[in-house]
Amino acid sequence: MGTNYSITEQFGANLAELLAEKICKVYHEFDTVHFIQDTANKTIGQSYTQRVATLAELLKNIFQQTMRKLYPS
């Protein structure tokens, strides 16, 4: 099988790994494994634009959960 150079394929688990690495530097409790797995599962069959939206939504949800833990009502 040939090498896939599609940018779309890079906007899934690969980008999630890169982002998780960067996030962990400032937020050590970040659930890297879950974020990468969730991203990989949710971006299957999606277009580039859909993948970007999915990643943004996942990060937003994680941010909201983190804020609820840090600042409970």
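This is a predicted model: local features need pLDDT of at least 70, side-chain atom pairs count only at pLDDT 80 or more; totals for chains, interfaces and linings use all residues.
Residues are numbered from 1 along each chain as its sequence is written, and side-chain values use heavy atoms, with hydrogens and water left out. Local features require pLDDT of at least 70 and side-chain atom pairs pLDDT 80 or more, whereas totals for chains, interfaces and linings use all residues.

The protein contains four helices and zero strands, assigned as DSSP runs (H or I, at least four residues, for helices; E, at least two, for strands). The C-alpha trace spans about 50 × 20 × 15 Å along its principal axes. Of the 73 residues, 23% are buried (under 20% relative accessible area, 1.4 Å probe, protein chains only).

The axes of helix α2 (residues 13–26) and helix α3 (residues 32–42) come within 9 Å and cross at roughly 155 degrees, the axes being lines fitted to C-alpha atoms over the stretch in contact and angles running from 0 to 180 degrees between N-to-C directions. The two helices are therefore roughly antiparallel (over 145 degrees). Their contact (heavy atoms within 4.5 Å) involves Ala-13, Ala-16, Glu-17, Leu-19, Ala-20 and Cys-24 of α2 and Thr-32, Phe-35, Ile-36, Thr-39 and Ala-40 of α3.

Thr-8 is located in helix α1 (residues 7–10). Thr-8 is buried, its relative accessible area being 19%. Residues up to four places away in sequence not counted, Thr-8 touches Gln-46, Ser-47, Tyr-48 and Arg-51.

Note on methods:
Angles under 35 degrees count as roughly parallel, over 145 as roughly antiparallel, 65 to 115 as roughly perpendicular and the rest as oblique. Buried means under 20% relative accessible area, exposed over 50%, partly exposed in between (1.4 Å probe, protein chains only).
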